[in-house]
Amino acid sequence: MTIKTKLIKRPAMTFWDQLYFPSVFRGVMITGGHFWRNLFFHIMHQLGLFKAIRAAVTIMYPEEKRDLASRLRTRHRLTKRADGSPRCVACMMCETVCPAKCIYIIAEEHPDPNIEKRPAKFDIDLGKCVYCGFCVEACPEDAIRMDTKILDIAALSREAMKLDMEELLNPNPDYARILDKKR
Ligand code: SF4
Ligand code: SF4
């Protein structure tokens, strides 16, 4: 089999190309134009003017937050029954399927004879979690979800990355910061 090759000639550089300065100057003009424009509108926004005109195409996080897709996996929560107790029946499916081995459950007998077990302890270590969502998919009780819309999980300590059952039942976006402050 013969392979046909096509030779493409590189166009010769013109005198202006070889100078480089026109291209550098054009680049500086474009970057500088954006910089001064954005600076001007940021200052105007601080003064309460031209609010309808965006100062930059980037989102000014964390002051400004974008809408999240409804199916985005965010921090976990445990769902509740009508009486406020966890729906979880401590079947250990999520703990077993978790590839990061970051779910820790201790089961105990449920006082209601119709329900076999409940979690006495349910912790998730977000420092190890890979946000795969397997725990949500494996749960037969719809007891765990990743729909809190909480994205900020950074913390100053590994301890602050661990969510306990109380936190999972009542998700607080400032959880890590509160724990960090207590240290
Ligand atoms: S999202 Fe994945 S890694 Fe994180 S706790 Fe669930 S199963 Fe484990
Ligand atoms: S899979 Fe669901 S019911 Fe089973 S232990 Fe996990 S959260 Fe609880």
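Some housekeeping. Residues are numbered from 1 along each chain as its sequence is written, while chains are lettered from A and ligands numbered from 1 in the order in which they are written. Because the model is predicted, local features need pLDDT of at least 70 and side-chain atom pairs count only at pLDDT 80 or more, whereas totals for chains, interfaces and linings use all residues.

Domains, then. The protein chain splits into domain 1, residues 15-64, and domain 2, residues 77-182; such bounds come from an automatic or database domain assignment. The C-alpha centres of the two domains are 44 Å apart.

Next, helix α2, residues 21-46. Helices here are DSSP runs of H or I with at least four residues, strands are runs of E with at least two, and both are numbered from the N terminus.

Is α2 buried or in the open? A residue is buried if 20 or more other C-beta atoms, placed from the backbone, lie within 10 Å of its own, exposed if 12 or fewer, and partly exposed in between. The number of buried residues in α2 is zero, so the helix lies largely in the open. After α2 comes Gly48, with a positive phi near 85°.

Now the sheet. Strands of a sheet pair through backbone hydrogen bonds, either parallel or antiparallel. Two strands count as paired if DSSP finds at least two bridges between them. This sheet is open, with three strands in the order β2-β3-β5 and antiparallel pairing. Its edge strands, β2 (103-109) and β5 (162-163), each pair on one side only. Seven bridges join β2 to β3, residues 117-125. Among the partners, Glu109 bridges to Lys117 in β3, and Tyr104 stands opposite Asp123. Two bridges join β3 to β5, and Asp125 has Lys162 in β5 as its bridge partner.

Last, the ligands. A residue is near a molecule if its C-beta atom, placed from the backbone, lies within 6 Å of it. Which residues are closest to ligand 1? Of 13 around it, they are Cys98, Ala100, Cys129, Cys132 and Cys135. Ligand 2 also has 13 residues around it, with Cys88, Cys91, Met93, Cys94 and Cys139 coming nearest.

Methods: Expected span 1.5 Å × (residues − 1).
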